[in-house]
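Dear colleague,

Please find the structure below, handed over for your own work. My notes on what was found in it follow directly after.

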Amino acid sequence: MTIFLMLPTWLLLQSKVLADTSSKVSVTVIRDPEACLFAHNAIRSKWHNTAVLDWDDDLAYNAEKWAIHLALGNMKLTHSMPPGSMIDENNERYGENLYLMEGSILQRCRDAVLFWYMERKTTNYDFNNIVYNNNAGHMQQLLWIPTSRFGVGITTAFGKTWIVAQYKPPGNSQTDNLNKFINKPVKAGYPTLSDLTSASNSKEVSFVLNLPPASPVPECKDEISYCYQYPGCQDSVKNWCKKSCKLCKPGSKVDGGWTEWTKISECSDDNKYEEVRYCMNPVPREGGRDCVGDDQRYHTCSNCECDDVIDTCNQYKRAGYCEKTIDWAKINCCKTCFCDSSETVCQNYHDDCNAFASRGDCGSPQFTTWMQANCAKACQFC
């Protein structure tokens, strides 16, 4: 133990430590597509003879954002949008499963998937009469035949683990007969954690975000657009209609800020890796400005050795041919398309980029796509 002899110095140091620790919340973000795919698809294919799911980076990113939100506020499980009304920024519907384990930061996909599937046992689910069951909703989403892709966000903080999984197309249509949406079990018994664990090495990627804590005052807004249909503010809608129900007071306007770019995947088969950043430093509130620019980007891995065959590869890269014609690019523009370091990605490719940015072209619907390809640096897209 260190003893400070001068009281003013001790008080100063103590107040600084308290300020430093209370001003930020450390949230660990974890992504492990391989493990999540294995756990989900083991249930679907081995136990229910159902087509396997594909991983979706966009769904994973959105799930991570909500998992971070829950962790920052040390919250109980709450859906990102009202169940049945989950629509993303692309106006596409999605489904969502949630999992929270208190007292452990070691929970992962397999734990959540097993917990969700065991609703089959806790509800004594009757697969001879497959109907919607609110107490087995997580399991039904796992098994939903039309669902084809998903992504998972995992966060830990305060000694807890939050897991958010999002699915497209969504499951759990509340119809009387779900026989065409869910297959009966084809394997006896229930899976164990070992059944949901891949024998290959995990490719888990994790990083820590130090972010402003969630505001103790909830943002005063309605989460759904049709609160006016519930003038009586029934208990079932109060959580989604706080502004209309006058359950909160407006706080101060806060503009959003980006976190740093962070690598969140290893090199893929097409020699790419993904980086992400989140508009949560801080989160925009009460009408504050949203962050401008991309939230996800892909880089080519730099640990390969090959040369370009032609000398116009930079032009083809700027025109998007590295992605549009991958097989051709691997033969003719291997170095430019797949071996450039990430530092070369954020560039201007036009002499007038700064002038275009100054007149507002970065955010113009007419010019944004062109500016992203040719003036990424001037527009601060990277």
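In this predicted model, H48 lies in helix α2. H48 counts as buried because its relative accessible area is 0%, and the limit for that class is under 20%. Apart from sequence neighbours within four places, the residues in contact with H48 are I43, Y117, F127, L143, N183, K184, P185 and V186.

The buried positions in α4 are C109, D111, A112, V113, L114, W116 and Y117. What do the buried residues of α4 pack against? Their partners include both helices and strands: α2 (33–48), α5 (119–122) and α6 (137–143) on the one hand, and β3 (95–102), β4 (149–157) and β5 (160–168) on the other.

The aromatic residues deserve a separate paragraph. A search of the whole structure returns 7 aromatic pairs. Y99 is itself buried, as its relative accessible area is 5%. The rings of W144 and F181 are arranged in another way: their centres are 4.8 Å apart and their planes lie at 5°, so this pair is stacked. It links distant parts of the chain, with W144 in the loop between α6 and β4, F181 in the loop between β5 and β6 (205–211), and 37 residues separating them. W144 is buried at a relative accessible area of 3%. F181 has 18% and is also classed as buried, because the class takes in values under 20%. Ring pairs also link W55, F150 and Y167 into a cluster.

Two charged side chains are placed over aromatic rings. K187 lies over the face of W47, at 4.2 Å from the ring centre. R297 lies over the face of W261, where the distance to the ring centre is 4.1 Å.

Where is the nearest side chain of opposite charge to E119? E119 lies in helix α5, and it is buried yet without a salt bridge; the nearest oppositely charged side chain is that of R120, 11 Å away. For comparison with the salt-bridge criterion, the cut-off there is within 4 Å. With neighbours within four places in sequence left aside, E119 is in contact with N124, N135, A136, G137, H138 and M139.

Strand β8 (residues 272–276) runs antiparallel to β9 and is joined to it by 5 bridges. In this pairing, K272 stands opposite T300 of β9.

Finally, some totals for the whole chain. The protein chain has 13 helices and 9 strands. It has 382 residues, of which 40% count as buried. Among contacts between residues at least 6 apart in sequence, 70% join residues at least 24 apart.

With kind regards

How values were computed. Residues are numbered from 1 along each chain as its sequence is written. This is a predicted model: local features need pLDDT of at least 70, side-chain atom pairs count only at pLDDT 80 or more; totals for chains, interfaces and linings use all residues. Side-chain values use heavy atoms; hydrogens and water are left out. Buried means under 20% relative accessible area, exposed over 50%, partly exposed in between (1.4 Å probe, protein chains only). Helices (H or I, at least four residues) and strands (E, at least two) are DSSP runs, numbered from the N terminus. Contact means heavy atoms within 4.5 Å. Rings of Phe, Tyr and Trp (its six-membered ring) pair if their centres lie within 6.5 Å; planes under 30 degrees apart count as stacked, over 60 as edge-to-face and the rest as tilted. A charge sits over a ring if NZ of Lys or CZ of Arg is within 6 Å of the ring centre and within 35 degrees of the ring normal. Lys and Arg count as positive and Asp and Glu as negative; His and the chain ends are not counted. Two strands pair if DSSP finds at least two bridges between them.
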